[in-house]
Amino acid sequence: MRKKVIAGNWKMNLTLEEGVSLASEVVNIAKDELTSDVTMVLCTPAIHMAAVSKLTAEVANVHVGAQNISEHESGAYTGDISADMALSTGAEFVIIGHSERREYHFETNAQLAARVELALAKGLTPLFCCGESLETREAGDHVSFVTKQLEESLYQLSAEQMEKVVIAYEPIWAIGTGVTASTEQAQEMHKSIREALASKFGAEVAEKISILYGGSMKPGNAPELLAQPDVDGGLIGGASLKSRDFIDIAKSY
Ligand code: PEP
(Lines give C-alpha, C1' and ligand atoms only; values in the text may rest on other atoms or scores of the structure.)
Protein backbone atom coordinates (compact mmCIF):
# COMPACT_ATOMS: atom_id res chain seq x y z
CA MET A 1 0.00 0.00 0.00
CA ARG A 2 1.25 3.47 -0.87
CA LYS A 3 1.86 5.97 1.91
CA LYS A 4 -0.89 8.63 2.16
CA VAL A 5 0.68 12.03 2.72
CA ILE A 6 -0.99 15.33 3.55
CA ALA A 7 1.68 18.02 3.58
CA GLY A 8 1.15 21.69 4.38
CA ASN A 9 3.31 24.36 2.81
CA TRP A 10 3.21 27.44 5.00
CA LYS A 11 5.34 29.38 2.50
CA MET A 12 6.55 32.78 3.85
CA ASN A 13 3.74 33.20 6.36
CA LEU A 14 3.47 33.47 10.17
CA THR A 15 5.83 34.83 12.78
CA LEU A 16 7.54 32.27 15.00
CA GLU A 17 4.90 32.78 17.69
CA GLU A 18 2.04 32.38 15.21
CA GLY A 19 3.65 29.30 13.68
CA VAL A 20 4.11 27.60 17.06
CA SER A 21 0.48 28.35 17.88
CA LEU A 22 -0.75 26.86 14.56
CA ALA A 23 1.46 23.78 14.96
CA SER A 24 0.23 23.15 18.49
CA GLU A 25 -3.38 23.38 17.28
CA VAL A 26 -2.65 20.88 14.50
CA VAL A 27 -0.89 18.50 16.91
CA ASN A 28 -3.67 18.70 19.49
CA ILE A 29 -6.48 18.15 16.98
CA ALA A 30 -4.50 15.35 15.30
CA LYS A 31 -4.09 13.60 18.67
CA ASP A 32 -7.84 13.68 19.26
CA GLU A 33 -9.22 13.13 15.81
CA LEU A 34 -6.77 11.54 13.40
CA THR A 35 -7.41 7.85 13.34
CA SER A 36 -6.34 6.98 9.80
CA ASP A 37 -2.83 6.06 8.71
CA VAL A 38 -2.18 9.43 7.02
CA THR A 39 1.29 10.94 7.31
CA MET A 40 0.99 14.69 7.94
CA VAL A 41 3.87 17.05 7.27
CA LEU A 42 4.20 20.71 8.24
CA CYS A 43 6.63 22.41 5.83
CA THR A 44 7.34 25.53 7.80
CA PRO A 45 9.70 28.45 7.21
CA ALA A 46 13.25 27.51 8.30
CA ILE A 47 13.12 29.56 11.48
CA HIS A 48 10.08 27.64 12.74
CA MET A 49 11.36 24.11 12.17
CA ALA A 50 13.13 23.44 15.50
CA ALA A 51 10.27 24.74 17.65
CA VAL A 52 7.61 22.97 15.58
CA SER A 53 9.60 19.69 15.67
CA LYS A 54 9.41 19.73 19.47
CA LEU A 55 5.60 19.86 19.21
CA THR A 56 5.24 17.23 16.48
CA ALA A 57 7.44 14.84 18.48
CA GLU A 58 4.38 14.29 20.70
CA VAL A 59 2.38 12.64 17.93
CA ALA A 60 3.49 9.80 15.68
CA ASN A 61 1.97 10.82 12.37
CA VAL A 62 2.78 14.55 12.20
CA HIS A 63 6.23 15.52 10.92
CA VAL A 64 8.20 18.61 9.93
CA GLY A 65 9.53 19.46 6.50
CA ALA A 66 11.75 22.21 5.11
CA GLN A 67 10.60 24.24 2.12
CA ASN A 68 13.95 23.97 0.36
CA ILE A 69 17.61 23.01 0.88
CA SER A 70 20.81 23.95 -0.88
CA GLU A 71 22.49 21.49 -3.23
CA HIS A 72 25.74 22.33 -1.41
CA GLU A 73 26.78 20.62 1.81
CA SER A 74 27.89 23.86 3.52
CA GLY A 75 29.85 27.02 2.86
CA ALA A 76 29.52 30.56 1.52
CA TYR A 77 25.88 30.47 0.37
CA THR A 78 24.31 33.35 2.26
CA GLY A 79 20.66 32.87 3.11
CA ASP A 80 20.50 29.18 2.15
CA ILE A 81 19.99 26.25 4.50
CA SER A 82 21.75 22.92 4.19
CA ALA A 83 20.35 19.41 4.48
CA ASP A 84 22.29 18.93 7.72
CA MET A 85 20.82 22.11 9.18
CA ALA A 86 17.29 20.97 8.30
CA LEU A 87 17.95 17.55 9.85
CA SER A 88 19.36 19.12 13.00
CA THR A 89 16.00 20.83 13.65
CA GLY A 90 14.16 17.51 13.53
CA ALA A 91 12.84 17.94 9.97
CA GLU A 92 12.32 14.68 8.08
CA PHE A 93 10.98 15.97 4.74
CA VAL A 94 11.94 18.70 2.29
CA ILE A 95 10.03 20.30 -0.58
CA ILE A 96 12.21 20.42 -3.66
CA GLY A 97 11.38 22.36 -6.83
CA HIS A 98 8.23 24.20 -5.79
CA SER A 99 7.03 26.28 -8.74
CA GLU A 100 7.51 29.50 -6.75
CA ARG A 101 11.20 28.61 -6.26
CA ARG A 102 11.54 27.64 -9.92
CA GLU A 103 9.97 30.94 -10.99
CA TYR A 104 11.41 33.48 -8.53
CA HIS A 105 14.78 31.85 -7.90
CA PHE A 106 15.34 30.38 -11.36
CA GLU A 107 15.96 26.89 -10.00
CA THR A 108 16.85 24.51 -12.80
CA ASN A 109 16.03 20.84 -13.22
CA ALA A 110 19.75 20.03 -12.91
CA GLN A 111 20.05 21.93 -9.61
CA LEU A 112 16.94 20.15 -8.31
CA ALA A 113 18.43 16.79 -9.31
CA ALA A 114 21.43 17.56 -7.08
CA ARG A 115 19.15 18.59 -4.19
CA VAL A 116 17.07 15.42 -4.45
CA GLU A 117 20.25 13.32 -4.33
CA LEU A 118 21.66 15.22 -1.37
CA ALA A 119 18.36 15.02 0.53
CA LEU A 120 18.24 11.24 0.01
CA ALA A 121 21.88 10.79 0.96
CA LYS A 122 21.22 12.64 4.22
CA GLY A 123 18.00 10.78 5.02
CA LEU A 124 15.47 13.54 4.25
CA THR A 125 12.42 12.54 2.20
CA PRO A 126 12.15 14.80 -0.86
CA LEU A 127 8.69 16.10 -1.78
CA PHE A 128 9.54 16.74 -5.41
CA CYS A 129 7.23 19.23 -7.13
CA CYS A 130 6.39 19.23 -10.81
CA GLY A 131 3.66 20.87 -12.84
CA GLU A 132 2.87 22.94 -15.91
CA SER A 133 1.80 26.53 -16.53
CA LEU A 134 -1.61 27.40 -18.00
CA GLU A 135 0.05 28.23 -21.32
CA THR A 136 1.66 24.78 -21.49
CA ARG A 137 -1.63 23.07 -20.61
CA GLU A 138 -3.57 25.08 -23.20
CA ALA A 139 -1.00 24.09 -25.80
CA GLY A 140 -1.65 20.43 -24.87
CA ASP A 141 1.97 19.93 -23.80
CA HIS A 142 1.39 19.25 -20.08
CA VAL A 143 2.26 15.56 -20.12
CA SER A 144 5.50 16.02 -22.06
CA PHE A 145 6.48 19.06 -19.95
CA VAL A 146 6.03 17.24 -16.63
CA THR A 147 7.71 14.10 -17.97
CA LYS A 148 10.75 16.22 -18.89
CA GLN A 149 10.85 17.65 -15.34
CA LEU A 150 10.91 14.08 -13.99
CA GLU A 151 13.52 12.95 -16.51
CA GLU A 152 15.88 15.83 -15.76
CA SER A 153 15.62 15.76 -11.97
CA LEU A 154 14.84 12.16 -11.01
CA TYR A 155 15.93 9.74 -13.74
CA GLN A 156 19.54 9.69 -12.51
CA LEU A 157 18.37 7.97 -9.30
CA SER A 158 18.55 4.24 -8.69
CA ALA A 159 15.25 2.39 -8.24
CA GLU A 160 16.09 2.05 -4.55
CA GLN A 161 16.51 5.83 -4.22
CA MET A 162 13.41 6.57 -6.30
CA GLU A 163 11.19 4.55 -3.97
CA LYS A 164 11.99 7.04 -1.22
CA VAL A 165 10.86 10.11 -3.19
CA VAL A 166 7.37 11.58 -2.85
CA ILE A 167 6.12 13.47 -5.91
CA ALA A 168 3.75 16.43 -5.80
CA TYR A 169 1.96 17.26 -9.05
CA GLU A 170 1.07 20.93 -8.82
CA PRO A 171 -0.40 22.58 -11.91
CA ILE A 172 0.87 26.16 -11.58
CA TRP A 173 -2.46 27.57 -12.72
CA ALA A 174 -4.15 25.98 -9.69
CA ILE A 175 -1.70 27.15 -7.01
CA GLY A 176 -3.10 29.89 -4.80
CA THR A 177 -5.69 30.76 -7.45
CA GLY A 178 -8.74 29.04 -5.99
CA VAL A 179 -8.96 27.10 -9.28
CA THR A 180 -8.54 23.35 -8.76
CA ALA A 181 -7.72 20.79 -11.43
CA SER A 182 -10.77 18.64 -12.11
CA THR A 183 -10.62 15.14 -10.73
CA GLU A 184 -10.21 13.90 -14.32
CA GLN A 185 -7.31 16.29 -14.99
CA ALA A 186 -5.59 15.30 -11.74
CA GLN A 187 -6.06 11.57 -12.27
CA GLU A 188 -4.91 11.77 -15.92
CA MET A 189 -1.70 13.52 -14.93
CA HIS A 190 -0.99 11.34 -11.88
CA LYS A 191 -1.51 8.23 -14.00
CA SER A 192 0.85 9.50 -16.67
CA ILE A 193 3.48 10.34 -14.02
CA ARG A 194 3.18 6.80 -12.65
CA GLU A 195 3.46 5.35 -16.17
CA ALA A 196 6.58 7.41 -16.86
CA LEU A 197 8.12 6.18 -13.59
CA ALA A 198 7.12 2.60 -14.43
CA SER A 199 8.83 2.74 -17.80
CA LYS A 200 12.04 4.07 -16.23
CA PHE A 201 12.14 2.29 -12.85
CA GLY A 202 9.75 -0.65 -13.33
CA ALA A 203 6.08 -1.09 -12.42
CA GLU A 204 6.81 -2.42 -8.95
CA VAL A 205 8.72 0.73 -7.98
CA ALA A 206 6.16 3.06 -9.59
CA GLU A 207 3.34 1.40 -7.64
CA LYS A 208 5.10 2.25 -4.37
CA ILE A 209 5.57 5.98 -5.06
CA SER A 210 3.14 8.42 -3.46
CA ILE A 211 2.01 11.12 -5.87
CA LEU A 212 0.34 14.08 -4.16
CA TYR A 213 -1.90 16.66 -5.77
CA GLY A 214 -1.33 20.36 -5.05
CA GLY A 215 -3.37 23.33 -6.17
CA SER A 216 -6.15 24.94 -4.09
CA MET A 217 -6.98 21.73 -2.23
CA LYS A 218 -9.55 22.42 0.49
CA PRO A 219 -11.85 20.38 2.75
CA GLY A 220 -14.61 20.75 0.15
CA ASN A 221 -12.74 19.34 -2.85
CA ALA A 222 -10.29 17.02 -1.05
CA PRO A 223 -12.54 13.92 -0.76
CA GLU A 224 -13.13 13.73 -4.51
CA LEU A 225 -9.48 14.39 -5.43
CA LEU A 226 -8.14 11.96 -2.81
CA ALA A 227 -10.52 9.26 -4.05
CA GLN A 228 -8.74 9.08 -7.42
CA PRO A 229 -6.76 5.85 -7.78
CA ASP A 230 -3.43 7.58 -8.48
CA VAL A 231 -3.81 10.49 -6.03
CA ASP A 232 -2.02 9.54 -2.81
CA GLY A 233 -2.35 12.76 -0.85
CA GLY A 234 -2.03 16.50 -1.12
CA LEU A 235 0.42 19.37 -0.87
CA ILE A 236 -1.61 22.20 0.57
CA GLY A 237 -0.76 25.87 0.71
CA GLY A 238 -3.49 28.28 1.83
CA ALA A 239 -5.66 25.73 3.63
CA SER A 240 -2.69 24.49 5.69
CA LEU A 241 -2.67 27.83 7.53
CA LYS A 242 -5.99 26.94 9.19
CA SER A 243 -5.65 24.01 11.58
CA ARG A 244 -9.29 22.94 11.19
CA ASP A 245 -9.15 22.93 7.37
CA PHE A 246 -5.80 21.16 7.27
CA ILE A 247 -6.93 18.39 9.61
CA ASP A 248 -10.27 18.07 7.80
CA ILE A 249 -8.39 17.48 4.54
CA ALA A 250 -6.36 14.72 6.25
CA LYS A 251 -9.57 13.25 7.65
CA SER A 252 -11.08 13.05 4.13
CA TYR A 253 -9.31 9.71 3.73
C1 PEP B 1 1.29 25.09 -2.91
O2 PEP B 1 1.83 26.17 -2.83
O3 PEP B 1 1.98 24.08 -2.91
C4 PEP B 1 -0.17 25.05 -3.02
C5 PEP B 1 -0.73 23.96 -3.47
O6 PEP B 1 -0.87 26.18 -2.64
P7 PEP B 1 -2.48 26.35 -2.55
O8 PEP B 1 -3.02 25.16 -1.83
O9 PEP B 1 -2.67 27.63 -1.80
O10 PEP B 1 -2.98 26.41 -3.96
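L14 lies in the loop between strand 1 (5-9) and helix 1 (16-33); helices (H or I, at least four residues) and strands (E, at least two) are DSSP runs, numbered from the N terminus. Although L14 is not a glycine, its phi is positive, at about 80 degrees. With a relative accessible area of 29%, L14 is partly exposed; buried means under 20% relative accessible area, exposed over 50%, and partly exposed in between, with a 1.4 Å probe and protein chains only. The structure is a predicted model, in which local features need pLDDT of at least 70 and side-chain atom pairs count only at pLDDT 80 or more, while totals for chains, interfaces and linings use all residues. Residues are numbered from 1 along each chain as its sequence is written, and side-chain values use heavy atoms, with hydrogens and water left out.

Another non-glycine residue with a positive phi is F106, at about 50 degrees. F106 is found in the loop between helix 4 and helix 5. Its relative accessibility is 67%, and F106 therefore counts as exposed.

The 14 residues of helix 5 (residues 109-122) should span 20 Å at 1.5 Å a residue, and the end C-alpha atoms are 20 Å apart, which agrees. The expected span is 1.5 Å times one less than the number of residues in the helix. Buried within helix 5 are N109, L112, A113, R115, V116, L118, A119 and L120. An α-helix has 3.6 residues a turn, so residues three or four places apart point the same way. The cover over the buried residues of helix 5 includes helix 3 (83-88), strand 4 (93-96), helix 4 (99-104), strand 5 (125-130), helix 7 (142-154) and helix 8 (159-162). After helix 5 comes G123, which has a positive phi near 95 degrees.

R115, one of the buried residues of helix 5, forms a salt bridge with E107, the closest N and O atoms being 2.8 Å apart. A salt bridge is a side-chain nitrogen of Lys or Arg within 4 Å of a carboxyl oxygen of Asp or Glu. Both E107 and R115 are buried. Side chains of opposite charge can pair when their charged atoms come close.

Across the whole structure, a search finds 19 salt bridges. K31 pairs with E58, with 2.8 Å between the closest N and O atoms. This pair links distant parts of the chain, 27 residues apart: K31 is in helix 1, and E58 is in the loop between helix 2 (49-56) and strand 3 (62-66). K31 is partly exposed, with a relative accessible area of 42%, and E58 is partly exposed at 48% relative accessibility. A further salt bridge joins E132 to R137, again with the closest N and O atoms 2.8 Å apart. E132 is buried, with a relative accessible area of 0%, and R137 is buried, with a relative accessible area of 12%. Salt bridges that share partners also join R2, R194, E207, D230 and D232 into one network.

T39 lies in strand 2 (residues 39-43) and is buried, with a relative accessible area of 11%. Leaving aside neighbours within four places in sequence, T39 is in contact (heavy atoms within 4.5 Å) with K3, K4, V5, I6, N61, H63 and F93. T147 is placed in helix 7 and is buried at a relative accessible area of 19%. The side chain of T147 reaches the backbone oxygen of V143 at 2.6 Å. A polar contact is a pair of N or O atoms within 3.5 Å; within protein, one must be able to donate a hydrogen and the other to accept it, and residues adjacent in sequence count only if both atoms are side-chain atoms.

The ligand is surrounded by 14 residues, the closest being K11, E170, G176, S216 and G237; a residue is near a molecule or strand if one of its heavy atoms lies within 4 Å of it. An N or O atom in the side chain of E170 is 2.6 Å from an oxygen atom of the ligand. The backbone also takes part: a polar backbone atom of S216 is 2.7 Å from an oxygen atom of the ligand, and a backbone N or O atom of G237 lies 2.8 Å from an oxygen atom of the ligand. The protein covers 96% of the 290 Å² of accessible area that the ligand has on its own. Accessible areas come from the Shrake-Rupley method with a 1.4 Å probe; for residues, only the protein chains shown count as cover.
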